[in-house]
Amino acid sequence: MALRIWASSTANALGVSCASKSHLAPAFSLSRCFSTVLEGLKYASSHEWVKVDGSVATVGITDHAQDHLGEVVFAEVPEPGGSVAQGSSFGAVESVKATSDVNSPISGEIVEVNKKLAESPGLINSSPYEEGWMIKVKPSNASELESLMGPKEYTKFCEEEDAAH
Amino acid sequence: MSVPQARKGGRPLMNLVRFKGIPILKQLHLEEQLLRTSSNNWCIINDGTNAPNIVMGLSGKPSELLELKPVLRDGIPVIRRFTGGGTVIVDPGTIFVTLICNKDAVPDVQPYPRSIMQWSSLLYNEVFQGIGDFHLCENDYVFGNRKFGGNAQSITRKRWIHHTSFLWDFESRNMAYLKLPKKVPEYRLARSHMEFICRMKDYMTRSVFIAKTVRAIGNRVQVHAAEDLYFCFLEFRIPTKLLCFWPMTGEIGEENQHICLLFSLFLELLMTLEAVFLLVLCRLSRIFPCILYNTQWLPATTPKRNITMVEIEIDASNVINLITLATSQPPDGFPDE
């Protein structure tokens, strides 16, 4: 299991080298963790990330999640204009015969959804923090971010979770 | 109203519910409700569904997966279920085994597809030990290199469901409704449906399979034969849908279109009337004991099915409980539906 995770993370790392060209920098090297965790983002224990940029927050699933899910073949996202609540499901991804709920790390109004995912759900695998974003939300409660994990905490959380299995 | 404990002693508790011949759409709706609204662990075994139905995964597209003309000609219902995976055609020869678990109930299983399937394959290894070279092959249950069981999952924040349809037997002609999917497992090679799949009946009887499955599950969790089944009418999104035919386009699609909306409203009305009917009969049964037929509203030609005697109780929270009192074979002369 650990060997499989390492092997797939190596492949992801080769993919992530393109993402690191952007302003989002990897927080930790591969030698310290099996999946990429980025600075400037907040993380939920259900493996979603959120990046706040002014009045809009972008949400997606983490590299750890996409690695464990396998090839994403379908992404179900809501329509703009709806609302999300912290911790509740707003959509789902399908991979390897499974649908997995995607939960929102924050509450707010959905202002935009990633329409590219309809044709290219694999963006969630290849670029989970960039092109694979799922929804953009206008947060209704900024204090909710304080309950989320930072990069270091999330990395440790993932390591502990994987070590427990 | 007592609620079974999710864990008793050291091992998690799992409620076992056994059906015979309930419609697959009803089974899927029940599974979704239990996954989303229950906090208990469940094992559901449905020994055959009542009539042939096509069941697609969440992202399935009828035009890509089905031979639409024969499907429409023969009036085969098409269902889109809430779990992932491919398309199957199920019928009375299909045995369904569903496991719904809290993540904490099986702590050595990560809530991801591969981990869940690894765990379930160990369970079925025990069921089929020494029989027919059983193993999990690229997410399918196979004897040798022939598939006889397809499975799918849905994973929520705190729970997951793993359900399997086992081809104990099947009608060869039914496979003609399915196209060869674009994405196939590597071990399938270029084989047709009939060369790719096999029948479990060639290896094991139905009763032995079910008994061994229950025993294997009991080796991992504490099985509790569920005497009551809670239907909680909480609001949640229900992806499982019976798809409808659109004559204008010749397509089979979602039921949120006008004709299908009317049809689905009609079916909802029938379900409500059935619930009221059962409620009245049960009230009368306190004075005049009677046997209630296990009714179902989906039009189908059904073989005689077991009679289930139920009592309906509505508690203070307006939750309707169907308490199964007994299940028996219908007596001779008892009218079919």
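Two strands count as paired here when DSSP finds at least two bridges between them. Keep that in mind as you look around this predicted model.

Start with the sheet in chain A. Select its six strands and follow the order β1-β2-β3-β9-β8-β5; the sheet is open and the pairing antiparallel. Now pick out β1 (42–43) and β5 (83–84) of chain A at the edges: each has a single partner strand, so one side of each is left without a neighbour in the sheet. Next, select β2 (residues 48–53) and β3 (residues 56–61) of chain A, which are joined by six bridges and run antiparallel. Within this pair, Glu48(A) has Ile61(A) of β3(A) as its bridge partner.

Move over to chain B and select residues 134–137 and 140–143. These are β8 and β9, an antiparallel pair with four bridges. Leu136(B) sits opposite Tyr141(B) of β9(B). Two residues lie between the strands of this hairpin, and Glu138(B) there has a positive phi near 45 degrees.

Helix α4 of chain B, residues 113–127, is your next stop. Its buried residues include Ile116(B), Trp119(B), Leu123(B) and Val127(B).

Finally, show both chains together. The contact involves 28 residues of chain B and 28 of chain A, and about 2200 Å² is buried between them, with 47% from carbon and sulfur atoms. On the chain B side, Gln110(B), Tyr112(B) and Arg114(B) lose the most area to chain A. Three salt bridges link the chains; to see one of them, select Lys97(A) and Asp140(B), whose side chains meet at 2.7 Å, N to O. End on β10(B), which gives seven residues, the largest share of the chain B side touching chain A.

Conventions: Residues numbered from 1 in each chain as written. Chains lettered and ligands numbered in written order. Predicted model: local features only at pLDDT ≥ 70, side-chain atom pairs only at ≥ 80, totals over all residues. Heavy atoms only, no water. Buried < 20%, exposed > 50% of the residue type's maximum accessible area, 1.4 Å probe, protein only. Contact = heavy atoms within 4.5 Å. Buried area = accessible area lost by both parts, 1.4 Å probe. Salt bridge = Lys/Arg side-chain N within 4 Å of Asp/Glu carboxyl O.
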